[in-house]
Amino acid sequence: FTRFTGTLLEKSRFPWEVWVAVLKMTLNDDSLVDIQTVLEQDYGCEGINIKTVFAMRMKLIHAMAGVEPPKLTGVIQMDESFVRESQKGHNLELVSYLKGVERHPRYGRKPSKYGTMGPEFATILTAVDSRGYCVCMVVALGRATPDAVIDLYERHCIDAAFLCSDANSIYNDACDLLDIPHYVK
């Protein structure tokens with residue numbers, strides 16, 4: 001039994017300082033080679049294998065995924081982003097989310113004939129508060145609704161001074177229902 005029993009540092013041969021350095025570089029999105037170089041040059045980890053660096057980074061990312069997201073407060077800025085829906089790795093049968101249209105595999109960067117807010121795209125709502133805390137949530141395929149904004153607010157926000165967003169009507173409708181002042185930028 002040690003103080004690290006039951007933690008991601010259990011059975012690690014690397015000291016705490018090395019783990020903190022790997023965490024910082026992971027959060028800064030440094031490459032595995034850069035992390036390996038810093039560990040060898042600055043922390044005396046000569047001969048550290050790139051697979052070991054990868055395993056350390058994956059342990060940290062897995063641990064961070066279990067951290068409860070922050071509650072946003074004060075001035076909250078919200079906007080949506082779109083990522084094309086993918087079924088990579090599903091070789092047998094692709095599922096179509098468009099009524100009456102068969103889903104074919106996409107090769108290359110073929111543009112969508114429905115635009116970026118069409119049902120081929122996942123909508124991601126992102127909210128950030130004045131402290132810099134951020135929360136993102138996939139809410140729909142296609143356009144987001146005021147209900148999605150309300151759901152994100154109720155899960156991740158408390159005591160909003162006002163909501164700042166673009167002129168998309170979903171934010172105005174959600175602010176009316178939540179009784180929060182809305183500022184359109």
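Predicted model: local features only at pLDDT ≥ 70, side-chain atom pairs only at ≥ 80, totals over all residues.

Q: Let's start with helices. At what angle do α4 and α5 cross?
A: Helix α4 covers residues 146–156 and helix α5 covers residues 169–178; their axes cross at roughly 55 degrees and come within 8 Å. Angles from 65 to 115 degrees count as roughly perpendicular and those under 35 as roughly parallel, so α4 and α5 are oblique to each other.

Q: Is that crossing left-handed or right-handed?
A: The crossing of α4 and α5 is right-handed.

Q: Which residues make the contact?
A: From α4 there are Pro146, Val149, Ile150, Tyr153 and Glu154. On the α5 side the contact is made by Ile170, Tyr171, Asp173, Ala174, Leu177 and Leu178.

Q: And which residues of α4 are buried?
A: Ala148, Val149, Ile150, Leu152, Tyr153 and His156 are buried in α4.

Q: What covers them?
A: The cover for the buried residues of α4 includes α5 and the strands β1 (72–84), β2 (121–129), β3 (134–141) and β4.

Q: What about α1 and α3, how do they pack?
A: α1 and helix α3 (residues 50–65) pack at an angle of about 75 degrees, and their axes are 10 Å apart. They are therefore roughly perpendicular to each other. On α1 the contact involves Val18, Trp19, Val22, Leu23, Thr26 and Leu27. On α3 it involves Met56, Arg57, Lys59, Leu60, Ile61 and Met64.

Q: Switching to rings. How many aromatic pairs does the structure hold?
A: The structure holds one aromatic pair. The rings of Phe162 and Tyr183 have centres 6.2 Å apart and planes at 70 degrees, so this is an edge-to-face pair.

Q: Where in the chain do the two residues sit?
A: Phe162 is in strand β4 (residues 157–165) and Tyr183 is in strand β5 (residues 182–184). They are 21 residues apart, and the pair links distant parts of the chain.

Q: How accessible are they?
A: Phe162 has 29% relative accessibility, so it counts as partly exposed. Tyr183 is at 44% and also counts as partly exposed.

Q: Next, where is Phe4?
A: Phe4 lies in the segment before α1 (16–27). At 26% relative accessibility, Phe4 counts as partly exposed.

Q: What does Phe4 contact?
A: Setting aside neighbours within four places in sequence, Phe4 is in contact with Leu9, Glu10 and Trp16.

Q: How far is Phe4 from Lys110?
A: Their C-alpha atoms are separated by 50 Å, and the two residues are 106 residues apart along the chain.

Q: Last one. Where is Thr123, and is it buried or exposed?
A: Thr123 is in strand β2. Its relative accessibility is 0%, so Thr123 counts as buried.

Q: What touches Thr123?
A: Not counting residues up to four places away in sequence, Thr123 touches Glu80, Ser81, Phe82, Met137, Val138, Val139, Ala140, Gly142, Arg143 and Ala144.

Notes:
Residues numbered from 1 in each chain as written. Heavy atoms only, no water. Phe/Tyr/Trp six-rings, centres within 6.5 Å; stacked < 30°, edge-to-face > 60°. Helix = DSSP H or I, 4+ residues; strand = E, 2+ residues; numbered from the N terminus. Buried < 20%, exposed > 50% of the residue type's maximum accessible area, 1.4 Å probe, protein only. Axes fitted to C-alpha atoms, helices over the stretch in contact; angles between N-to-C directions. Parallel < 35°, antiparallel > 145°, perpendicular 65-115°, else oblique. Left-handed = near helix turned anticlockwise from the far one by under 90°. Contact = heavy atoms within 4.5 Å.
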